[in-house]
Amino acid sequence: MLALCLPAANVLGESVATQSQEHPIAAAAAPKVDTGDTAWVLVSAALVMLMTPGLAFFYGGLVRRKNMLSVLMQCLMILCLVSLQWVLFGYSLSFGPDKGSLIGGLEWLGLKSVGMEPNTNYAATIPHQVFMMFQMMFAVITPALIIGAFAERMKFSALCVFVLLWATFVYDPVAHWVWGVGGFLRQSGALDFAGGTVVHINAGMTALAAALVLGRRQGYPNGISPPHNLPFAVLGAALLWFGWFGFNAGSALSAGGLASNAFTVTHIAAAAAGVTWALLDWLKHKKPTTLGMITGVVAGLVAITPASGFVTPMGAIWIGIGAGVFPWLAVTYIKGALNYDDSLDAFGVHGIGGIWGALATGIWACKAVNPAGADGLLYGNPMQFWVQTKAVVITMAYSFMLGVILLNLVDIAMKLRVSEHEERVGLDLTQHREGAYTLID
Amino acid sequence: MKYIIGIIQPDRLDEVLKRLTEREIHLVTVSNVVGRGRQKGIAEVYRSHKEQGSLLKKVKLEIAVNEAYVELTVDAITAGARTGSIGDGKIFVLDLPECIRIRTGERGGEAIG
């Protein structure tokens with residue numbers, strides 16, 4: 001089985017197919033930067049960067065007034081911290097020369113030898129530095145997704161330490177397994193075009209671990225006030241949707257047919273999932289809710305992420321519908337039944353949506369879309385579904401266990417949770433000495 | 001002088017203001033408040049979580065009047081706010097010992113209108 005994932009999709013598929021006249025296969029010859037590809041991936045990196053502030057508003061709108069700034073601050077501080085971790089050693093651990101199929105080496109510490117020449121293993125037509133920056137934005141948003149699980153009760157200092165540990169011991173290895181040259185999941189043939197396992201299952205499972213380790217908020221479930229600003233949540237979801245075009249279509253690492261397909265199916269899945277969630281709310285609660293619809297949209301975007309370089313528009317509709325159904329079931333029934341407080345449904349949306357998307361890739365993938373991909377269950381290759389399942393289970397287990405271990409370590413060292421009094425007063429005032437809104441002009 | 005407080009359903013505010021204007025009662029202070037009475041409102045749903053026992057949104061009117069306007073004011077609020085359902089609200093009438101207009105320093109009944 002071919003090694004098939006994001007960088008491979010570019011190297012083997014799109015670039016070769018569309019540019020073979022200009023660069024006759026000879027990857028060995030001095031690689032040439034393509035201006036169109038470079039422009040698109042630069043823009044995509046900026047689009048993905050915008051998703052973290054977008055996520056901050058999506059999450060921020062859902063918490064109580066007294067915790068609004070804490071959510072914005074956590075997301076933006078993660079943007080700062082992980083960016084630095086990435087250039088210092090994170091990128092090298094993720095994409096550096098392989099060590100035992102498990103981790104990248106330290107050869108690229110401080111971006112040593114990550115320069116303006118392309119790296120043909122990852123993206124033959126764009127500067128290596130552009131690839132590194134594009135990947136950085138993924139490394140940033142992934143831990144930011146987790147904060148939804150422990151919103152309104154995590155100590156800020158503990159968050160900073162936890163995020164750095166998590167980026168180093170969870171994100172970087174998993175990114176290497178799936179995307180790094182030599183990574184064992186990449187070699188197994190698991191398909192993950194833009195980060196269904198690396199980003200969403202990874203964040204979703206640690207989110208579940210965090211909800212369990214930190215415990216419920218005081219007053220949960222019935223004593224918690226409703227979301228303080230749904231329009232912010234809608235704004236955030238819209239920014240996520242916009243940024244996701246860079247996330248998925250940018251993962252083609254080239255500006256051509258593959259990017260076009262990813263762009264198209266991304267939009268379609270989001271639309272299908274938004275409609276599905278609204279309909280389910282309509283059936284169960286008599287009214288279609290705004291929060292439900294935007295949650296569906298995000299779940300659809302999550303689910304199409306691993307599939308976006310491999311499925312057809314019709315496949316995307318089915319993946320979108322599934323992304324409306326399964327996370328909805330998780331949020332509506334499972335969370336209540338198990339009584340854990342995944343405050344903003346980071347596990348329900350990203351975990352469940354990510355698992356569905358990774359499995360669905362094994363169902364609807366087809367080589368007609370991407371010759372460098374593989375055929376899925378519906379195209380006569382049930383083995384692909386099995387390969388996807390293995391990658392899902394391995395990632396789930398690793399992220400969950402490491403999540404539990406790292407959170408407990410930080411808890412022993414410095415306590416994860418704010419005091420009961422601080423939780424009642426709110427994190428804005430107690431962690432940052434600020435308030436999001438003034439009462440008097 | 002009396003100080004009249006009306007707690008009403010938010011959607012009845014326009015109607016109450018219209019009835020007050022018809023009776024030439026123009027001075028009123030309005031605020032958004034939350035509270036609870038015997039009524040159960042529309043339970044809000046967020047990602048399938050139904051809000052339970054939450055406080056309901058209401059509007060509070062405060063009107064200071066001379067004795068001659070007390071019944072007119074009560075009539076206006078009642079006429080505008082009553083739907084016949086539980087949750088229409090309440091009116092409280094309090095004695096008001098003093099009233100001062102800041103600009104002129106006028107006191108009592110003269111200052112109120």
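Predicted model: local features only at pLDDT ≥ 70, side-chain atom pairs only at ≥ 80, totals over all residues.
Me: What comes just after helix 13 of chain A?
Reply: A:Lys415 does, with a positive phi of about 65°.

Me: What makes strand 2 and strand 5 of chain B a pair?
Reply: Two strands pair if DSSP finds at least two bridges between them. Strand 2 of chain B and strand 5 (residues 56-65) of chain B are joined by 7 bridges, and they run antiparallel. Therefore they count as a pair. Across them, B:Val34 is opposite B:Lys57 of strand 5.

Me: Why are strand 2 and strand 6 of chain B called edge strands?
Reply: The open sheet has 4 strands in the order 2-5-1-6, with antiparallel pairing. Strand 2 (29-35) and strand 6 (89-95) of chain B each pair on one side only. Neighbouring strands of this sheet are turned by 20° against each other on average, direction ignored.

Me: Which helix lies across strand 1, strand 5 and strand 6 of chain B?
Reply: Helix 2 (residues 70-81) of chain B does. This helix runs at about 5° to strand 1 (2-8) of chain B.

Me: How many residues does each chain bring to the contact?
Reply: Residues count as in contact if their C-beta atoms lie within 7 Å. Chain A brings 13 residues and chain B brings 9 residues. The side of chain B that touches chain A has 4 polar, 3 charged and 2 nonpolar residues.

Notes: Residues numbered from 1 in each chain as written. Chains lettered and ligands numbered in written order. Contact = placed C-beta atoms within 7 Å. Nonpolar A, V, L, I, M, F, W, Y, C, P; charged D, E, K, R; others polar. Helix = DSSP H or I, 4+ residues; strand = E, 2+ residues; numbered from the N terminus. Axes fitted to C-alpha atoms, helices over the stretch in contact; angles between N-to-C directions.
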